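Hello,

Here is the structure we talked about passing on. My notes follow below it.

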Amino acid sequence: MPVLDLMSGFIAELRNAGLPVSLTENLDAMEAVKVIPIEDREAFKYALGATLVKNNAHWRVFETIFEVYFSLRGPEYAITKDGQPDDFWREMQEQMDQVKGQGEGKGSGGGMDSLTPEEITAMLMRALMSGDQAMMRALAKQSVQRFAGMEPGRPVGGTYYLYRTLRNLDLDNMLQKLMDANREMSKQELTSLEERLEKDEFESRIEQFKQEIESEIRRRLVADRGAEAMAKTLRKPLPEDVEFMHASRDEMQSLKKALYPLTRKLAARLARKRRHGRKGPLDFRNTVRHSLSYGGVPADPKFRYPRPAKPELMVVADISGSVAAFARFTLMFVYAIQNQFSKVRSFVFIDGIDEVTKYFKSTEDIGEAINRVNTEADVVWVDGHSDYGHAFEVFWERYGKDITSKTTVLLLGDARNNYHAAQSWVVKEMAKRARHVYWLNPEPKSYWNTGDSIVGEYGAHTDGVFECRNLRQLEGFVENLT
Amino acid sequence: MKPRFNDVATVRSGLKNVNYLADDGIAGVVYLADRLGKPVLIEGPAGTGKTQLAKSVAELTGARLIRLQCYEGLDESKALYEWNYKKQLLRIQADKNSDSWSEVHDDIFSKEFLLTRPLLEAITSEDPVVLLIDEVDRVELETEALLLEILSEYQVSIPELGTITAKQIPLVFLTSNNTRELSEALKRRCLYLHVDYPDLEREKEIVLNKVPDISENLADQIARIVRSIRQLDLKKPPSVSETLDWARTLMLLGIETIDADEAKETLHILLKYQTDIAKAAKELSVTK
Ligand SMILES: Nc1ncnc2c1ncn2[C@@H]1O[C@H](COP(=O)(O)OP(=O)(O)OP(=O)(O)O)[C@@H](O)[C@H]1O
Ligand SMILES: [Mg+2]
C-alpha cells in the first residue's frame with residue numbers, strides 16, 4: 001500500500017488511542033511523508049512524530065501504532081512460510097550456517113531449520129556475548145518461527161506467543177550464564193565495578209533481543225490480521241489515563257515517569273498564580289495615606305494583596321492491596337508539591353492506623369519514603385483487611401484534636417469496609433473542626449456503594465467525594481485544592 | 001527557496017563535522033524543518049544539547065545565530081521592537097518650526113527610529129540566520145502569543161509601519177525545559193522534538209569529540225558508568241554536560257581506567273544531590 005493511503009488509517013488510530021491530533025497537524029504529517037522516504041525508517045518515524053506527537057508522554061503509544069502500520073510488511077512475515085526470503089535474510093542464513101559449521105564441527109548445508117533448540121540457544125548466547133546485532137535480529141526471527149507456534153487466524157494475543165518463544169530459549173537464566181562465561185573468559189579477576197557494568201550491558205542486550213522478538217511477533221500478527229485489527233488489540237491508555245487500580249507493572253513505570261513532570265508543571269503554575277493576578281480590592285486607607293504626597297489627589301491607588309494562608313493538609317490513606325497504588329501516587333503527588341501547603345501530615349491505615357509524616361521528613365527522596373511507609377508503617381490491627389471504622393476511630397482519638405479551621409483533610413480509599421461498623425460519626429466530627437474534608441475514591445463512580453462500599457455514608461459528611469481513577473483526575477483535584 | 005540539505009544523512013554528517021552528535025531522530029527533524037519551513041520546538045531534560053543543536057545548525061549552515069533568551073517578564077519591547085523615544089523627542093524638538101506635524105509624525109515613525117530586538121532582527125536580516133528562542137517556557141502565556149505571528153507567517157505587524165515580512169525563512173528553534181505546558185496554538189505551529197539522554201554509543205562519541213586527547217577506552221567506560229547511574233531512580237540523573245565535566249576531571253586527575261573508589265570520589269561532579277550521590281555510591285560498589 002502506498003504511504004499516503006496508510007496515513008489515514010494510521011492517524012485515525014492515533015486519535016482512537018486518545019492523541020489529540022489537530023487538522024493542521026494531520027496536514028503537516030502528509031507533507032512530511034512526501035519529503036522523507038519511508039525506507040529511512042528512523043528518520044521517517046521521527047518526522048511523523050514531530051508533526052503528530054507534541055507531548056513526550058504519548059510517544060510510547062505513538063511508537064506502537066507506528067510499528068503496526070509501518071513496520072516492514074511483506075511475504076517474508078507471513079505466518080505460512082510460502083514467501084521468498086529477502087536478500088538480507090538469505091545472507092544471514094549463510095552466515096549462520098557458517099557459524100554452525102565452525103561451532104559444532106558439522107558441515108554446513110542443513111540450514112537454519114535443522115538447528116536443534118539447544119543449538120539455537122548456544123548461538124544466541126554467542127550473539128549476546130559479542131553484541132552481534134544482525135545475528136540477534138536473525139535469531140529473533142528464527143526463534144519466533146520455530147517456537148511461537150503461530151497459526152494463521154488464531155485469535156490469540158501476542159503475549160502468549162512471546163511467552164512460548166521465551167520459554168524455549170531459557171532467557172531467564174541467560175544473564176547468569178553470560179556473566180559466568182564472561183568471568184571465565186577474562187584473564188584477570190573482574191572488579192565489582194566492572195562486573196556491574198558488564199551485567200548492565202548484557203541486560204540491555206537481552207532486553208533488546210526480547211524487543212526484537214516482540215516486534216517480530218507483532219509483524220506476523222499484522223500480516224495475518226491486518227493493521228487495524230491489530231492496533232485495536234494493542235490499544236493502551238495514555239499514561240495519564242491509566243487506572244491506578246489496574247495498572248500493570250509496565251504501566252506503573254510509565255505512571256511514575258509521568259508523575260514527576262506533572263507535579264513540576266503544577267507547582268510552577270501554582271507559584272505563578274500566587275505571584276500574579278492577586279490584586280485585591282482597593283485599599284482605601286493606604287491610598288489616602290499616599291495621596292498626601294500628591295496634595296490629596298489619590299494619584300496612586302493602593303490595592304490590598306490578599307495572601308490567603310496556605311492550607312494545612314492531613315492525608316489519611318487506605319493502603320490495603322487494591323488501593324495501595326492509588327495511595328502511593330497520591331502521597332507522591334502531594335509531597336512533590338508540599339511547599340504549596342503550610343504543613344503536610346500523612347497517615348496510613350488498613351485496619352490499624354499509623355502516622356508516617358516522619359518518613360517524608362527524614363529524606364528528600366519521596367520514593368524512598370514511600371517504600372518505608374509500605375514496609376515499616378504499623379497498619380495491621382487484627383487481620384490486615386480494611387476496617388475504615390476502626391482506623392477512623394483511632395485516628396480521632398489520637399489526632400482529632402490537631403484538626404483546626406486551617407486544616408484540609410483528604411480521605412483516600414474505596415471505602416470497602418468488609419462490612420465492619422462504619423463509625424461515620426468520625427468523619428462528621430472531622431468536618432465540624434476542619435476547613436474542608438474531601439474523599440478521593442479510585443473506583444469508577446458506577447461501583448460506589450455497591451457490595452461493601454460505603455463511600456456514600458462517609459461522603460455525606462464531607463465537602464465532596466471525587467473520582468480519582470488516574471493521574472489526570474488526581475492532578476485536576478490537587479490543582480483546585482491549593 | 002533552495003533547500004539547505006539534500007537528505008537526512010547530510011544533516012547528520014554535517015552536524016558531526018561541527019562536533020554535534022545527532023541521532024536519526026534529531027537529524028530527521030532538522031531536515032524536515034528546512035523542507036517544511038517550520039520552527040522546531042525542542043523539549044527534554046536539562047543539559048542534553050537542546051541549545052547546542054541550534055548553535056550547531058547555525059554553524060553548519062554558515063548562518064548567523066540570533067538568540068532570544070526568555071525570562072519571566074520578557075515583553076514586546078525586548079523581544080520584538082521598541083521606538084527610540086529619546087531620538088524621536090530630539091527630532092521633534094529640532095524641527096519645531098519648520099515641518100508640519102504630519103511630516104514629523106511620518107518621519108519619527110520610520111525605520112530610522114526603530115530599535116530592532118531579536119525577533120524583528122531575524123525577520124529583517126538580509127543574510128541567512130538561525131533564530132534561537134531559548135527556554136520559551138519561562139515567558140508568560142500572554143507573551144507566548146507574541147511569537148505566534150512570527151512562527152507561522154514569518155512576519156511582524158507594527159501598527160505605525162505596517163507589516164514586515166521576512167526576506168527569507170529562517171530556521172527557528174525554540175527550547176523548553178518543560179516547567180509549564182506551552183499553549184496548544186504554539187505547539188501546533190511547531191515540529192516537536194524530544195531530545196533525551198543519548199544512548200551509550202552516542203554519548204561515547206560526544207565524549208570523544210568534546211574532550212581533547214581522551215582515550216577510546218576511558219570514554220567507553222565513562223559512557224557505561226553514566227548509563228548505569230541513569231538507570232537508578234534519581235532526583236536528577238546526570239546530563240550530557242555533567243558527563244563531559246566528569247570526563248574532563250578524570251583527565252585532569254590523569255586517570256586512565258576508573259575503579260570503584262575513583263568513581264565514588266568524583267561522583268559529586270556527575271550528581272548534584274546528596275541522596276543521589278549516596279545511592280550511586282552504594283550501587284557502584286556492590287554487584288547485585
Ligand atoms: N549531541 C551532542 N553533541 C555534542 N555535544 C553535546 C551534545 N549534547 C550535548 N552536548 C554538550 O552538552 C552541553 C550541554 O548542552 P546544552 O547547553 O545545549 O544543553 P540544553 O539541553 O540546552 O540544557 P538546558 O536545558 O540546561 O538549557 C554542551 O556543552 C553541549 O556542547
Ligand atoms: Mg539550553
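In chain B, 10 residues of domain 1 are in contact with 8 residues of domain 3. Please keep in mind that this is a predicted model.

For orientation, chain B is divided into domain 1 (8-74 + 117-194), domain 2 (81-116) and domain 3 (200-285). The centres of domain 1 and domain 3 of chain B, taken over C-alpha atoms, are 31 Å apart.

The interface of these two domains

Domain 1 and domain 3 of chain B bury about 740 Å² between them, and carbon and sulfur atoms give 50% of that area. On the domain 1 side, Asn19(B), Leu21(B) and Gly47(B) lose the most area to domain 3 of chain B, together 61% of what that side buries.

The count of salt bridges between domain 1 and domain 3 of chain B is 2. Asp23(B) and Arg202(B) meet through their side chains in a salt bridge, at 3.8 Å from N to O. There are also 3 residue pairs in polar contact across the interface of domain 1 and domain 3 of chain B, both residues being at pLDDT 80 or more. By class, the side of domain 1 that touches domain 3 of chain B has 4 nonpolar, 4 polar and 2 charged residues.

Glu242(B) lies in helix H12 of chain B, residues 240-252. Glu242(B) counts as buried because its relative accessible area is 9%, under the 20% cut-off. The side chain of Glu242(B) reaches the backbone nitrogen of Ser239(B) at 2.8 Å. Leaving out residues up to four places away in sequence, Glu242(B) touches Lys236(B), Pro237(B), Ile269(B), Leu270(B) and Lys272(B).

Regards

Note on methods:
Residues numbered from 1 in each chain as written. Chains lettered and ligands numbered in written order. Predicted model: local features only at pLDDT ≥ 70, side-chain atom pairs only at ≥ 80, totals over all residues. Heavy atoms only, no water. Domains from an automatic or database assignment. Contact = heavy atoms within 4.5 Å. Buried area = accessible area lost by both parts, 1.4 Å probe. Salt bridge = Lys/Arg side-chain N within 4 Å of Asp/Glu carboxyl O. Polar contact = N/O pair within 3.5 Å; in protein donor to acceptor, adjacent residues only side chain to side chain. Nonpolar A, V, L, I, M, F, W, Y, C, P; charged D, E, K, R; others polar. Helix = DSSP H or I, 4+ residues; strand = E, 2+ residues; numbered from the N terminus. Buried < 20%, exposed > 50% of the residue type's maximum accessible area, 1.4 Å probe, protein only.
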